[in-house]
Amino acid sequence: MDTPYKTTTNIYSHTSVPWQQDILNDFLKKIEIYKDASCIDIGTGIGNNLSTLLKFYGKIVAIDISENALKTLQKRYIRNQNQITIRKMDAHHLDYPSASFDLIVCAEMLEHCLKPQDVLNECVRILKPGGYIIFSCPNYFNPAGIVKIIRENIYPRKTWDAWGNHDAGIENFLTSFKIKKLAVKLRLDIINDRGGDLIRSWLPFFKRYYKVIDRHPSLAVGRYWPLKVLMMNYFVFARKRIN
């Protein structure tokens with residue numbers, strides 16, 4: 001990830017909205033999980049995904065490049081310290097042997113990486129054949145994408161999102177089609193894909209009303225074409241081919 005993300009103290013940049021756990025939970029329920037199955041949460045931030053993952057996995061590795069985020073995570077999950085291994089690590093170079101994990105979660109962080117394709121390559125490398133990967137990113141194939149382009153042409157630095165809420169770092173201009181193309185390029189078999197947050201993508205001028213927006217992520221319509229590829233966040237649930 002880019003350098004400012006390592007040092008930023010803005011905790012908002014290390015979190016995700018609660019409704020994303022509903023999608024993660026739905027995907028995980030489709031996996032047959034055996035007793036000693038291994039799981040890693042890449043770009044874990046302050047660990048929002050861990051409460052959901054702990055319902056399914058007894059042992060989890062959580063990595064992030066931000067020391068500040070990991071300190072917060074450690075405090076949040078002090079009671080689960082025997083279940084969670086916390087490591088500071090750059091997702092571009094994962095310090096694990098090939099075929100190490102049964103499940104990889106990489107949610108809402110590829111957009112902040114200098115080379116998203118390299119990160120996904122690493123994810124697939126450490127994923128066991130037949131293992132599962134869940135990843136998600138903001139999707140700018142919508143009016144919010146137009147706002148982002150305008151902002152980045154006006155301001156001297158790249159903004160993290162369409163609304164400029166973050167204080168540092170980058171956010172790549174990703175779309176649902178680019179994200180899906182990355183998965184296909186890596187020869188992943190897509191099991192399911194899902195969209196979330198219709199209001200934020202199509203009414204970006206509502207940016208001040210986050211409490212209202214986050215209560216209405218439109219998860220039901222996010223299951224169906226074409227809306228699922230037009231919403232603010234796009235999720236892919238895939239499996240690594242055995243051969």
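1. The side chains of Arg125 and Glu122 meet in a salt bridge at 2.8 Å, N to O, the term being used here for a side-chain nitrogen of Lys or Arg within 4 Å of a carboxyl oxygen of Asp or Glu. The two residues are three apart in helix H5, so about one helical turn separates them; helices (H or I, at least four residues) and strands (E, at least two) are DSSP runs, numbered from the N terminus. Arg125, at 26% relative accessibility, counts as partly exposed, whereas Glu122, at 14%, counts as buried; buried means under 20% relative accessible area, exposed over 50%, and partly exposed in between, with a 1.4 Å probe and protein chains only. Elsewhere, salt bridges that share partners join Asp26, Lys29, Arg194 and Arg223 into one network.

2. This is a predicted model, in which local features need pLDDT of at least 70 and side-chain atom pairs count only at pLDDT 80 or more, while totals for chains, interfaces and linings use all residues. Residues are numbered from 1 along each chain as its sequence is written, and side-chain values use heavy atoms, with hydrogens and water left out.

3. The structure holds 13 salt bridges. Among them is the pair Asp26 and Lys29, at 3.8 Å, N to O, in which Lys29 is exposed with a relative accessible area of 56%. Another joins Arg87 and Asp95 at 3.2 Å, N to O; here Arg87 is partly exposed at 28% and Asp95 is exposed at 52%.

4. Glu111 sits in the loop between strand E4 (101–107) and helix H5 (116–126). Its side chain makes a polar contact with that of His112 at 3.5 Å, a polar contact being a pair of N or O atoms within 3.5 Å where, within protein, one must be able to donate a hydrogen and the other to accept it, and residues adjacent in sequence count only if both atoms are side-chain atoms.

5. Tyr132 and Phe237 form a stacked aromatic pair, 5.7 Å centre to centre with 25° between the planes. Rings of Phe, Tyr and Trp (its six-membered ring) pair if their centres lie within 6.5 Å, and planes under 30 degrees apart count as stacked, over 60 as edge-to-face and the rest as tilted. Tyr132 lies in strand E5 (residues 127–138) and Phe237 in strand E7 (residues 233–240), so the pair ties together parts that are 105 residues apart in sequence. Both Tyr132 and Phe237 are buried, and ring pairs link Phe27, Tyr132 and Phe237 into a cluster.

6. Most residues other than glycine have a negative phi, and most peptide bonds are trans. Asp197, in the loop between strand E6 (188–196) and H8, has a positive phi of about 75° although it is not a glycine, and at 1% relative accessibility this residue counts as buried. Ser218, in the loop between H9 and E7, has a positive phi near 60° and is partly exposed at 23%. A cis peptide bond, with omega about 0°, joins Trp225 and Pro226.
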